[in-house]
Every structure is written in C-alpha cells, then in structure tokens.
Amino acid sequence: MSIEEKQQEVIEEFAFFDDWMQKYEHIIELGKELPLIDAASKDEDHLIKGCQSRVWLNAERSDDGTVIFTADSDAIITKGMIALMVRVLSGQRPEDIANADLHFVKEIGLHEHLSPTRSNGLVSMIKQMKFYGVAFQGAQQ
C-alpha cells in the first residue's frame with residue numbers, strides 16, 4: 001500500500017469513533033501493536049529530540065530498498081502516536097517518505113486534540129522520519 005492509501009485507511013478508521021476519548025483509546029491500542037525497537041537501539045542516538053516523553057526511533061533499509069521503522073516510547077499516548085506514524089511510513093521508499101504530505105494528521109484532528117507539548121512531539125517525530133527518508137535517499141546515489 002502507498003502512503004496515500006495508508007493515510008486513507010487511517011482516516012476511515014478514525015471516522016468510526018464518535019468522540020475523542022474513543023480515539024485516544026484507539027491510539028493507545030495502536031501503541032500496543034507497535035513493532036518495537038531493538039533494546040540495543042534504545043539509546044541517545046535513537047531518541048527523538050523535541051518530545052517531552054522519551055521516544056526512540058530506528059530506521060533500516062530493507063533488501064527491496066524500502067525503509068522499515070521500529071520505535072518505542074515510555075508514554076502510552078506517545079507510543080500510539082509513533083505507532084500511527086510507523087504504520088503509515090514504514091515499508092515505503094525513502095523518496096516517498098521524504099516528500100510525504102501527511103494530511104491524515106490534520107484530517108483526523110490529531111493536532112488540535114493534543115496538548116502543545118504532544119503536538120510539538122508529533123512534529124518532531126514526523127521531521128525525524130522524513131530526515132531518515134532524505135538520508136536513505138542520498139545513500140542510494
């Protein structure tokens with residue numbers, strides 16, 4: 001599935017919920033399904049700067065050239081947020097990650113229902129994932 005198809009899937013999924021308490025519960029559940037980062041990668045090098053909670057993110061190049069993300073967080077909502085980002089961007093080509101318009105974040109109302117610190121953390125997650133896309137794209141050449 002493309003990034004756009006995954007975004008549409010997330011938008012449709014969140015449309016099923018009536019209120020934000022249900023959406024938060026869903027985000028927490030997504031965090032429980034997150035492909036966890038290797039314990040050895042839970043270090044300062046993989047820590048996302050700008051997040052109030054501790055969020056670790058790792059990116060590796062698969063044999064087919066796509067980027068595979070793994071992550072973890074010490075906070076349940078934040079873990080769900082990074083799980084959502086991993087779901088949309090993992091398994092994609094570096095150039096697609098680097099150039100992705102992640103409109104689903106706005107469409108599901110995530111930014112406006114997060115505290116300012118969590119919202120800043122989400123921006124930091126997106127920046128770091130796009131940075132990996134750019135870095136892997138440059139490594140191809």
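At 9% relative accessibility, does Ile 3 count as buried or exposed? With that 9%, Ile 3 counts as buried, because buried means under 20% relative accessible area, while exposed means over 50% and partly exposed lies in between (1.4 Å probe, protein chains only). Before going further, please note that this is a predicted model, in which local features need pLDDT of at least 70, side-chain atom pairs count only at pLDDT 80 or more, and totals for chains, interfaces and linings use all residues. Residues are numbered from 1 along each chain as its sequence is written, and side-chain values use heavy atoms, with hydrogens and water left out.

Ile 3 belongs to helix 1 (residues 3-15); helices (H or I, at least four residues) and strands (E, at least two) are DSSP runs, numbered from the N terminus. Setting aside neighbours within four places in sequence, Ile 3 is in contact (heavy atoms within 4.5 Å) with Val 88, Leu 89, Gln 92, Asp 96, Ile 97, Ala 100 and Leu 102. Ser 41 is another matter: 38 residues along the chain from Ile 3, its C-alpha atom is separated from that of Ile 3 by 26 Å.

Eleven of the 14 residues are buried, so helix 3 is mostly covered. Just after helix 3 comes Gly 91, with a positive phi of about 85 degrees.

Now for the aromatic rings. Rings of Phe, Tyr and Trp (its six-membered ring) pair if their centres lie within 6.5 Å; planes under 30 degrees apart count as stacked, over 60 as edge-to-face and the rest as tilted. This rule gives five aromatic pairs. Phe 69 and Tyr 132 have ring centres 6.2 Å apart and planes at 65 degrees, so their pair is edge-to-face. That pair links distant parts of the chain, 63 residues apart: Phe 69 is in strand 2 (residues 67-73) and Tyr 132 in helix 6 (residues 116-140). Both Phe 69 and Tyr 132 are buried. The rings of Phe 131 and Tyr 132, with centres 6.5 Å apart and planes at 55 degrees, form a tilted pair. Ring pairs join Phe 69, Phe 131, Tyr 132 and Phe 136 into a cluster.
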